[in-house]
Structure formats: structure tokens, C-alpha cells
Amino acid sequence: MEADMTAIPVRAGLIGTLNGRGHQAALNVFLFIVLAHWAEHIVQAIQIWVMGWPLPQARGVLGLWFPWLVTSEALHYGYALVMLVGLVALRGGFTGRSRVWWNISMGIQIWHHVEHLLLLIQAASGTPFFGRAVPTSVVQLLVPRVELHLFYNSLVFAPMVVAMVLHRRPRPDERAHMACSCAQSR
């Protein structure tokens with residue numbers, strides 16, 4: 001049987017679903033993960049700068065019950081990887097201006113991921129770099145770790161939110177190229 005050549009091509013597979021009919025749900029799940037991670041950083045910042053806790057005791061919410069989580073480079077790397085995979089996997093659903101902002105977020109996350117990979121390599125090998133006593137990332141040579149990760153997460157999050165807002169409110173030309181139903185009704 002011959003295929004109907006007049007049909008609009010549909011993306012196949014999981015990535016096609018994530019960027020088509022499942023885009024809105026996938027974005028919501030991704031945003032939940034990102035916000036949960038943000039909550040951990042914000043709680044840790046409050047513990048340090050508002051409550052005056054010493055850094056080793058300021059572990060966020062999960063770190064209070066599972067202290068090894070905060071000191072696990074594998075966990076931090078895992079989150080950076082999940083974030084990067086989410087940004088890459090959901091990129092295809094964005095068009096026009098929202099795609100530009102999503103790409104900015106993804107580019108920053110690529111560097112953030114490299115920094116976490118560097119930390120993971122040092123922790124796994126037991127060999128801190130840069131003459132330091134503990135695993136240290138490149139930018140951490142200039143900025144303390146807690147502040148640096150608040151900064152990195154802000155740099156990734158802000159353009160991601162702009163992308164999501166623009167994606168929900170596309171211009172007519174952008175809407176015409178969308179494969180998902182994320183756009184708000186007029």
C-alpha cells in the first residue's frame with residue numbers, strides 16, 4: 001500500500017511524541033523537576049544567609065534526611081545531566097523566538113554540565129585539580145560553590161522561562177510551525 005504523500009509528516013518515536021502531542025505534559029514534568037531542584041538551592045541559601053547555619057549543616061531539604069546527597073558529586077552530576085537531556089529532548093517543540101531562548105538556556109547548561117563533569121571526575125579519581133584540597137570547577141576558582149550554583153541555575157532558568165512563556169504565546173507565524181498544542185487559545 002502506498003503512503004499518502006499529502007499528509008503532514010509526523011515525528012516518530014519518543015522524541016516526536018515529547019515534541020508533539022506530549023510536549024505540554026513533558027514541559028510540565030521538566031518544569032516540576034527544575035523547580036524542585038531550585039527549592040533545594042533556595043532552602044540551602046536561606047539556611048546559610050538567613051538562619052546562619054554553617055555550610056556543612058546547610059544541606060537543603062533532602063540533605064537534612066540524607067546528608068550524603070549534598071556531598072555526592074554523582075547526584076549533582078546526575079541532575080546536571082537530567083537538565084541537559086531535558087533541554088535537548090524538548091528543544092524540537094520550540095519555534096521562532098522561544099527556540100532562541102531555549103537554545104540560550106541549553107548552551108549555558110552545556111557549560112554547567114561540563115563543570116559538573118569536571119567535579120565528578122575529580123571526586124571519582126580522588127584527585128582534586130587546580131592545587132585544591134577538594135574537587136573544584138573552573139569558575140569555582142573565582143566564585144564560592146554555593147553562590148556559583150545559584151548563579152548557574154539562575155542563568156539556565158531565566159531564558160528557559162522566557163522560552164516557555166513565548167512558546168505559550170506564539171506569533172501567528174510561530175504557531176503555524178508548532179507541532180504541539182502548548183499555545184494558549186486566543
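User: What counts as a helix or a strand here, and how many helices are in the chain?
Analyst: Helices are DSSP runs of H or I with at least four residues, and strands are runs of E with at least two. The model is predicted. Read along the sequence, the chain has the pattern α-α-α-α-α-α-α-α. The chain holds zero strands, and its number of helices is eight.

User: What percentage of the residues of the chain count as buried?
Analyst: A residue is buried when its relative accessible area is under 20%. The chain has 186 residues, and its C-alpha atoms fill a box of roughly 65 × 35 × 30 Å along the principal axes. The share of these residues that count as buried is 37%.

User: Are H6 and H7 roughly parallel or roughly antiparallel?
Analyst: Two packed helices are described by the angle between their axes and the distance between the axes. Helix H6 covers residues 96-125 and helix H7 covers residues 145-168; their axes are 7 Å apart and the angle is about 155°. Angles over 145 degrees count as roughly antiparallel, so H6 and H7 are roughly antiparallel.

User: How many residues of the contact of H6 with H7 are nonpolar?
Analyst: H6 passes H7 in a left-handed crossing. The residues of their contact include eight polar and three charged. The number of nonpolar residues in this contact is 16.

User: How are H2 and H5 oriented, roughly parallel or roughly antiparallel?
Analyst: The axes of H2 and H5 come within 11 Å and cross at roughly 155°. The crossing is left-handed. Because angles over 145 degrees count as roughly antiparallel, the orientation of H2 to H5 is roughly antiparallel.

User: Which residues of H5 make the contact with H2, and how many residues of that contact are charged?
Analyst: From H2, the contact uses His 23, Ala 26, Leu 27, Phe 30, Ile 33, Val 34 and His 37. From H5, it uses Tyr 79, Val 82, Met 83, Gly 86, Leu 87 and Leu 90.

User: Which residues is Trp 102 in contact with, leaving aside its neighbours within four places in sequence?
Analyst: Trp 102 is among the residues with the most contacts inside the largest core. Its partners, with those neighbours left aside, are Leu 27, Phe 30, Gly 86, Leu 87, Leu 90, Arg 91, Phe 94, Met 160, Ala 163 and Met 164.

User: Why does Ser 154 count as partly exposed?
Analyst: Ser 154 is found in helix H7. Ser 154 is partly exposed because its relative accessible area is 34%.

User: What is the phi of Phe 130?
Analyst: Most residues other than glycine have a negative phi. Phe 130 lies in the loop between H6 and H7, and counts as partly exposed at 41% relative accessibility. Although Phe 130 is not a glycine, its phi is positive, about 60°.

How values were computed: Residues are numbered from 1 along each chain as its sequence is written. This is a predicted model: local features need pLDDT of at least 70, side-chain atom pairs count only at pLDDT 80 or more; totals for chains, interfaces and linings use all residues. Side-chain values use heavy atoms; hydrogens and water are left out. Axes are lines fitted to C-alpha atoms, for helices over the stretch in contact, and angles run from 0 to 180 degrees between N-to-C directions. Angles under 35 degrees count as roughly parallel, over 145 as roughly antiparallel, 65 to 115 as roughly perpendicular and the rest as oblique. A crossing is left-handed if the near helix is turned anticlockwise from the far one by less than a right angle, and right-handed if clockwise. Ala, Val, Leu, Ile, Met, Phe, Trp, Tyr, Cys and Pro count as nonpolar, Asp, Glu, Lys and Arg as charged, and the others, Gly among them, as polar. A nonpolar core is a set of buried Ala, Val, Leu, Ile, Met, Phe, Trp, Tyr and Cys residues joined through side-chain atoms within 4.5 Å. Buried means under 20% relative accessible area, exposed over 50%, partly exposed in between (1.4 Å probe, protein chains only). Contact means heavy atoms within 4.5 Å.
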